[in-house]
Amino acid sequence: MASFSGLASALESYRGRDRLIRVLGYCCQLVGGVLVEQCPTRSEVGTRLLVVSTQLSHCRTILRLFDDLAMFVYTKQYGLGAQEEDAFVRWVSVLGNLADQLYYPCEHVAWAAETRVLHVDSSQWWTLSTALWALSLLLGVARSLWVLLKLRQRLRSPTAPFTSPLARGKRRAMEAQMQSEMLSLLSNLADLANAVHWLPRGVLWAGRFPLWLVGLLGTISSLLSIYQAVRAGGQAELPPPDTA
């Protein structure tokens with residue numbers, strides 16, 4: 001009963017519903033892709049699951065029409081990252097926030113063009129929004145790698161013995177931060193692989209992934225995101241945008 005209560009509580013929030021819709025959409029794409037490509041006798045079921053996946057993706061795209069203000073408030077609060085001690089982390093985060101902020105209006109224009117609300121070429125705007133998403137993910141990967149490197153150096157430093165109770169507590173906090181950064185790194189890498197796949201053909205591995213692989217990578221990223229949210233106690237956050 002407690003688990004159902006926790007699920008109901010999570011679904012009351014926009015971020016909780018978004019995480020659930022995302023993982024369901026990718027799971028449908030994973031299973032549907034496998035059935036269509038590997039099980040000809042079940043291809044009809046697979047096709048239906050792919051339709052569900054597409055509709056869930058459209059649902060998230062429409063819901064993101066209202067994310068601009070939240071992203072702007074977050075970007076404004078972070079500012080130039082004066083609270084960050086590390087200059088590299090500060091400027092990578094600032095650039096990532098800028099990419100995220102620009103992503104939303106580009107996606108809105110792409111959606112409006114695809115639905116014929118605006119008479120412009122939707123493919124160019126989808127490409128631009130996907131490129132901004134990929135840039136944001138790449139910056140996130142760089143940030144996590146840098147933080148992991150710095151934390152590892154501090155933990156291995158001979159000048160930080162971590163022998164007192166206070167020091168041991170600090171060590172545990174640093175190890176927990178390393179675990180969190182590792183999860184973020186894996187999640188961003190999975191999303192980045194998909195982001196490149198959705199870019200125009202000719203860019204690295206763009207357009208080469210089968211449907212089930214896109215679903216698998218998205219499912220991994222979504223589950224890692226949910227796990228991190230649970231570990232953080234469901235704290236409010238603005239998740240990185242994505243086009244899936």
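This is a predicted model: local features need pLDDT of at least 70, side-chain atom pairs count only at pLDDT 80 or more; totals for chains, interfaces and linings use all residues.
## A walk through the helices

Is Arg-116 buried or exposed? Its relative accessibility is 70%, so it counts as exposed, because the label "exposed" begins over 50%. Take a look at its backbone too: phi of Arg-116 is near 65°, which is a positive value in a residue that isn't glycine.

You can find a second case of this kind further along the chain. Leu-204 belongs to the loop between α7 and α8 (211-231). Its phi is positive as well, at about 50°, even though Leu-204 is not a glycine. With a relative accessibility of 57%, Leu-204 counts as exposed.

Which residues does Ser-144 touch, if you skip its neighbours within four places in sequence? They are Glu-181, Ser-184 and Leu-185.

Next, move to helix α7, which covers residues 165-197, and pick out Asn-194. Its relative accessible area is 0%, and therefore Asn-194 is buried. What does its side chain reach? It comes to 3.2 Å from the backbone oxygen of Val-214. Val-214 also turns up among the contacts of Asn-194 beyond four places in sequence, together with Tyr-26, Phe-209, Leu-217 and Gly-218.

Helix α2 runs over residues 14-38 and helix α3 over residues 43-63, and the two pack with their axes 8 Å apart at an angle of about 155°. How do you put that angle into words? It makes α2 roughly antiparallel to α3, because angles over 145 degrees get that name. So what kinds of residue make up the contact of α2 with α3? You'll find 14 nonpolar, 8 polar and 3 charged ones there. As for handedness, α2 passes α3 in a left-handed crossing.

Terms used: Residues are numbered from 1 along each chain as its sequence is written. Side-chain values use heavy atoms; hydrogens and water are left out. Helices (H or I, at least four residues) and strands (E, at least two) are DSSP runs, numbered from the N terminus. Buried means under 20% relative accessible area, exposed over 50%, partly exposed in between (1.4 Å probe, protein chains only). A polar contact is a pair of N or O atoms within 3.5 Å; within protein, one must be able to donate a hydrogen and the other to accept it, and residues adjacent in sequence count only if both atoms are side-chain atoms. Contact means heavy atoms within 4.5 Å. Axes are lines fitted to C-alpha atoms, for helices over the stretch in contact, and angles run from 0 to 180 degrees between N-to-C directions. Angles under 35 degrees count as roughly parallel, over 145 as roughly antiparallel, 65 to 115 as roughly perpendicular and the rest as oblique. A crossing is left-handed if the near helix is turned anticlockwise from the far one by less than a right angle, and right-handed if clockwise. Ala, Val, Leu, Ile, Met, Phe, Trp, Tyr, Cys and Pro count as nonpolar, Asp, Glu, Lys and Arg as charged, and the others, Gly among them, as polar.
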